[in-house]
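Subject: Handover of a structure and its findings

Dear colleague,

Please find below the structure that I am handing over to you.

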Amino acid sequence: MNYEKMTETELRHELELLSAQFEQYRSQNLKLNMARGVPCPEQLDLSMGITHSVETREDCFTENGTDCRTYAANLFAGVPELRRLFAEVFDVPEDYIIIGGNSSLNMIYDTVARMMLFGLPGGDGPWFGKHIKFLCPAPGYDRHFKILDTFGIELVTVEMTPDGPDMDAVEELVKDPDVRGLICVPKFSNPTGVVFSSEVVHRLAKMETAAPDFRIIWDNAYAIHYVYEDVPLDDIFAVCREYGHEDRVLYFSSTSKVTFPGAGVAFMAMDPLNRDWMMPALQTQTIGPDKMNQLRHVRFFKTPDAMREHMSRHAAIMRARFDAVKETFQTGLAPYGIGDWGDPKGGYFFSLNLPDGCAQKTYELCRELGVNLTPSGATYPHGNDPRDRNLRIAPTFPAVEELKAAMEVLCICARLVYVKKLLSE
Ligand SMILES: Cc1ncc(COP(=O)(O)O)c(C=O)c1O
């Protein structure tokens, strides 16, 4: 059945069968949107308690007696009990945490903007007007690439391996003083699901960089989002501290995919040097974040264990969808020698590698059949996947039956494109 082993006659026969199946799907007028990784309604329902977790006047006060209904300079970095909860659940030092508004991506954007405008401690002033490069492990998150690109930062692609970024390449590239940083999703990465190995974390922490103001944007968006089993990630601050590089890390995360995307709570974490750099700009930008939403979150979760329990309920819902993707690929792609989709244990995505030159055409054929995927190329800087092979699969939103249908369509389209490629048509 492996297409590479088929004769031309066999391939032509296969092409006929697949074309007929393609037309059958066309007649079904499907309309399935799988472009972005968002929770399904069942997952959102898990957090409904948040809408009435702060009801009375008394509920509006923090444990240190501060009224969250008004500005409070002493809570600029966040409601203390929520900082403590995040510190425990995300395993970061409590005093490193600065809680913000609803969006970690917004915090990343603002942080990069500050680097451009003001520069960083130990650096040579504002980055604006200089040739700045950032390392971008890919397949990666398109919105990260877009932020950096918006500020005129050159995106340098580094291949993602099953253990994290290709560290031989990273260690070589950071010898260039124009390389000022690396942006990554270290756990259940978007889209590969990769968790950086201990060796990768140590090498990132240890490496000497030519740029004295080199920073890692450590977007731990999926820190607690296991689907099958948790996979430990080394404590980046602790490891960096071992090598005297703790100021290298700017950590970000949020509850967007814990409670409500767009109405969660985001935070960043950093060592005192970076905090002293960040605070004046932050305090100029805002009188303070939305503390009422912080209170709603901490009153809803109450304890670290309850928050973990909440994530296990998410995992149970996600598992059926992840299983459906794996099963469909296993029967719809694997026997034909097509595709590699890794083995994500958590996160929100699958990263599907098709044979070279097949991703864009597969994406387009899926669209023709009403299945809307994340555009091909999106997982690479500038939307340019050099081998045109990667597709991001976002299985969380559709109902399981719809998801199966969409994945079957994808398998038919990928096979059709590959058979045509082998026949050079
Ligand atoms: C890696 C990563 N970071 C950040 C975000 C956005 O998070 P937020 O809603 O906190 O801005 C997403 C959302 O998909 C994501 O996948």
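In this predicted model, the shell of residues around the ligand divides into five nonpolar, five polar and two charged. The residues that surround the ligand are Ser 103, Ser 104, Leu 105, Tyr 141, Val 185, Asn 190, Asp 219, Ala 221, Tyr 222, Ser 254, Ser 256 and Lys 257.

In Asp 219, an N or O atom of the side chain is 2.6 Å from a nitrogen atom of the ligand. The side chain of Ser 254 has an N or O atom 2.7 Å from an oxygen atom of the ligand, and for Ser 256 a polar side-chain atom lies 2.6 Å from a ligand oxygen atom. On its own, the ligand has 400 Å² of accessible area, and the protein covers 87% of this.

The ligand takes up the space of the largest pocket, the volume of which is about 490 Å³. This pocket is lined by 22 residues, and the closest to its centre are Leu 105, Tyr 141, Tyr 222, Ser 256 and Lys 257. Its lining divides into eight nonpolar, nine polar and five charged residues. The largest pocket lies between domain 1 (3-44 + 307-422) and domain 2 (54-302), because both domains give residues to its lining.

Finally, there are the cavities. The structure holds two of 30 Å³ or more, and the largest cavity has a volume of about 70 Å³. Its lining consists of Pro 137, Pro 139, Gly 140, Tyr 141, His 144, Phe 145, Met 160, Ile 183, Cys 184, Val 185, Ser 189 and Asn 190.

With kind regards

How values were computed. Residues numbered from 1 in each chain as written. Predicted model: local features only at pLDDT ≥ 70, side-chain atom pairs only at ≥ 80, totals over all residues. Heavy atoms only, no water. Near = heavy atom within 4 Å. Polar contact = N/O pair within 3.5 Å; in protein donor to acceptor, adjacent residues only side chain to side chain. Areas by Shrake-Rupley, 256 points an atom, 1.4 Å probe, with all protein chains shown as cover. 1 Å grid on protein atoms, 1.4 Å probe; cavity = no way out; pocket = protein on both sides within 12 Å on 5 of 7 lines; lining within 4 Å. Sits in = over half its atoms within 2 Å of the grid points. Nonpolar A, V, L, I, M, F, W, Y, C, P; charged D, E, K, R; others polar. Points joined across faces, edges and corners; volume = space filled by probe spheres on them. Domains from an automatic or database assignment.
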